[in-house]
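Here are a few notes to read alongside the structure, for someone meeting it for the first time.

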Amino acid sequence: MSIGEKIQTDIITAMKARDEHRLTTLRMVKSSLKNKEIDKREALTDAEETQILTTLIKQRKESVEQFTKGNRPQLAEKEQLEIAMIEGYLPKAASEDDIRTIVQGAISHLTQDGGKLGPKDMGTAMRVVQQRLQASGVRADGKLVSEIVKAELAK
């Protein structure tokens, strides 16, 4: 069952349970998926659906940050609940240790020819790390990945 299909069945469940907040959040997610599908003019792949949900989570995190700065805790809490709901449809997030292991493997792969990588090789290392993360089927926060890659390259 794809993410879109699962969201549709959960919308029906939320309607029956009269869970208004969950229903509006799921409808917003479904509309984002549908808009992208219309733009693309064909069905979305699982990777594209995951990417859209990741973008929605990132937007919510930025909103939480702004609401917290603006002393609006109720709105920040609402956004946090939406983040939790959306994350339920995504694959498991990688832990910091998992990311560090993948980053170290990618850097050792890049230095096989004997060269030493430095901070100027950040782009190359990030591309390899992102490919490895995608291949492993886990998701990771790009900001955290970037920080770990930067720290590993500085060694």
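A salt bridge here is a side-chain nitrogen of Lys or Arg within 4 Å of a carboxyl oxygen of Asp or Glu. Keep in mind that this is a predicted model.

1. Let's start with the tally. By that rule, the count comes to 11 salt bridges. As background, side chains of opposite charge can pair when their charged atoms come close.

2. Have a look at E48 and K40. Their side chains form a salt bridge, with the closest N and O atoms 2.6 Å apart. How exposed is E48? E48 has a relative accessible area of 26%, so it counts as partly exposed. K40 is partly exposed too, at 27%.

3. Next, helix α2, which covers residues 20-40. K34 and E37 both sit in this helix, 3 residues apart, or about one turn. Their side chains meet in a salt bridge at 4.0 Å, N to O. K34 is partly exposed because its relative accessibility is 45%, and E37 is partly exposed at 31%.

4. Helix α5 (residues 96-110) holds another pair: E96 and R100 lie 4 residues apart in it, about one turn of the helix. The two form a salt bridge, and the closest N and O atoms are 3.2 Å apart. With 41% relative accessibility, E96 counts as partly exposed; R100, at 26%, is also partly exposed.

5. Finally, which residues are linked in a network of salt bridges? Pick out R60, K78, E79 and E82, which are joined in that way.

Terms used
Residues numbered from 1 in each chain as written. Predicted model: local features only at pLDDT ≥ 70, side-chain atom pairs only at ≥ 80, totals over all residues. Heavy atoms only, no water. Helix = DSSP H or I, 4+ residues; strand = E, 2+ residues; numbered from the N terminus. Buried < 20%, exposed > 50% of the residue type's maximum accessible area, 1.4 Å probe, protein only.
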